[in-house]
Amino acid sequence: MEKLKIGYLPITDHLILGLTKNKVDKGLEPETPDFEMVQKGGWNEVGEALIHGEVDMAFMLAPYAMDLFYAKNKLKLLLLSHRDGSIIVTNKRANINSITDFKGKTVLIPYQASMHHVIFHKMLAAEGMTMGIGKDVMTEVVAPGQIPMFIEYDQEGSIGGYIVAEPFGTVVVNAGHGNVLKLSNDISPSHLCCGVVVREEVLEKNPETIQALITSFVKSGKEVKTDKAGTLKTAIDFLGQSDDVVRTILEDTHDRVSYEHLMPTLEMLEEAQNYLVDTVSVPALSGKIDVEKFVDLSFAKAANAN
């Protein structure tokens, strides 16, 4: 069979993909099939590539994948790619010293159908603030990799800050343009975000190949802490970032991102879709799905995912 193509973004949320690819390329896992990584520039590109068959699998926002499933695209979520992993950064020019200082400002989020939306909304709601069109805080969707540029060139300080997957928080902080306000797990501990999603037809034709990949992804996740030097080296290449940026993220004692508990949790997916439909000011999902039909836990179980 031809190599499977897997879509992704160069973010720490998708690091296990890079770790597995590195092992396959070096012949360290002969039982794991080779595959092609297809890097994309934003979430819409990932989703479009998946539903149009440009890629067979994708590491992508779980809520976005649920929205694609709602639109009758035949997809299955097999595994989480991480937990936690995002960061809330304030724009230095905006003079944000507390959460209430965001009032009247714009906040950047990477996608409406995302846990980033949920987490920032929860943070503001805890202070009695609203988020959305005509609310206390406006939102603007910007692709993760473009956020540092938006902050760097915002001379007026109209952007209060943003929430995004690493490394695009630490990049801005290290460049001197922003400050860390909170980590996403400060607000929603052990939250889900991205998952490994496959087209159903690919899954049906290649179940053994898919299983081998899922097993390797789980193994890679567990090796992040047992092979710190190897993980750091691979992460620098995978993310295309400097040593100091990657060290800040991976060596943080607060565990900015975790790869140890990748078993999909139906209850957390239900909670996410309920929040994005019922609680945010304008629904960020087209509607609710039957999560049990969207998720296939058998592959994660066979891979001994926690």
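Reply: What follows starts with the sheet, then turns to the cysteines and the salt bridges. The model is a predicted one.

The open sheet has 5 strands in the order β2-β1-β3-β11-β4, and their pairing is mixed. At the edges stand β2 (35–39) and β4 (75–80); each has a single partner strand, so one side of each is left without a neighbour in the sheet. On average, neighbouring strands of this sheet are turned by 30° against each other, direction ignored.

Within the sheet, β3 (residues 57–61) and β11 (residues 194–199) pair in the antiparallel sense, over 5 bridges. In this pairing Met 60 stands opposite Gly 195 of β11.

Asp 56 is in the loop between α2 (43–51) and β3, while Arg 199 is in strand β11, so the pair links distant parts of the chain, 143 residues apart. Both partners are buried, Asp 56 at 14% relative accessibility and Arg 199 at 15%.

Next, the cysteines. The sulfur of Cys 193 is 4.0 Å from the closest cysteine sulfur, that of Cys 194, which is too far for a bond. A disulfide would need the two sulfur atoms within 2.5 Å, and Cys 194 is therefore in no disulfide, its nearest cysteine sulfur being 4.0 Å away. The structure as a whole holds 0 disulfides. Both cysteines are buried, with a relative accessibility of 1% for Cys 193 and 0% for Cys 194.

Ser 184, in helix α7 (residues 184–187), is buried as well, with a relative accessible area of 1%. Leaving aside neighbours within four places in sequence, Ser 184 is in contact with Asp 84, Gly 85, Ser 86, Ile 87, Ile 119 and His 191.

The structure holds 17 salt bridges. One of them joins the side chains of Glu 223 and Lys 23 at 2.9 Å, N to O. This pair links helix α9 (residues 207–226), which holds Glu 223, to helix α1 (residues 15–25), which holds Lys 23, across 200 residues. Glu 223 is partly exposed at 24% relative accessibility, whereas Lys 23 is buried at 9%.

Asp 278 forms a salt bridge with Lys 288, the closest N and O atoms being 2.7 Å apart. Asp 278 lies in helix α12 (residues 266–279) and Lys 288 in the loop between α12 and α13 (291–294), so the pair ties together parts 10 residues apart in sequence. Lys 288 is partly exposed, at 39%.

Notes: Residues are numbered from 1 along each chain as its sequence is written. This is a predicted model: local features need pLDDT of at least 70, side-chain atom pairs count only at pLDDT 80 or more; totals for chains, interfaces and linings use all residues. Side-chain values use heavy atoms; hydrogens and water are left out. Buried means under 20% relative accessible area, exposed over 50%, partly exposed in between (1.4 Å probe, protein chains only). Helices (H or I, at least four residues) and strands (E, at least two) are DSSP runs, numbered from the N terminus. Contact means heavy atoms within 4.5 Å. Two strands pair if DSSP finds at least two bridges between them. Axes are lines fitted to C-alpha atoms, for helices over the stretch in contact, and angles run from 0 to 180 degrees between N-to-C directions. A salt bridge is a side-chain nitrogen of Lys or Arg within 4 Å of a carboxyl oxygen of Asp or Glu.
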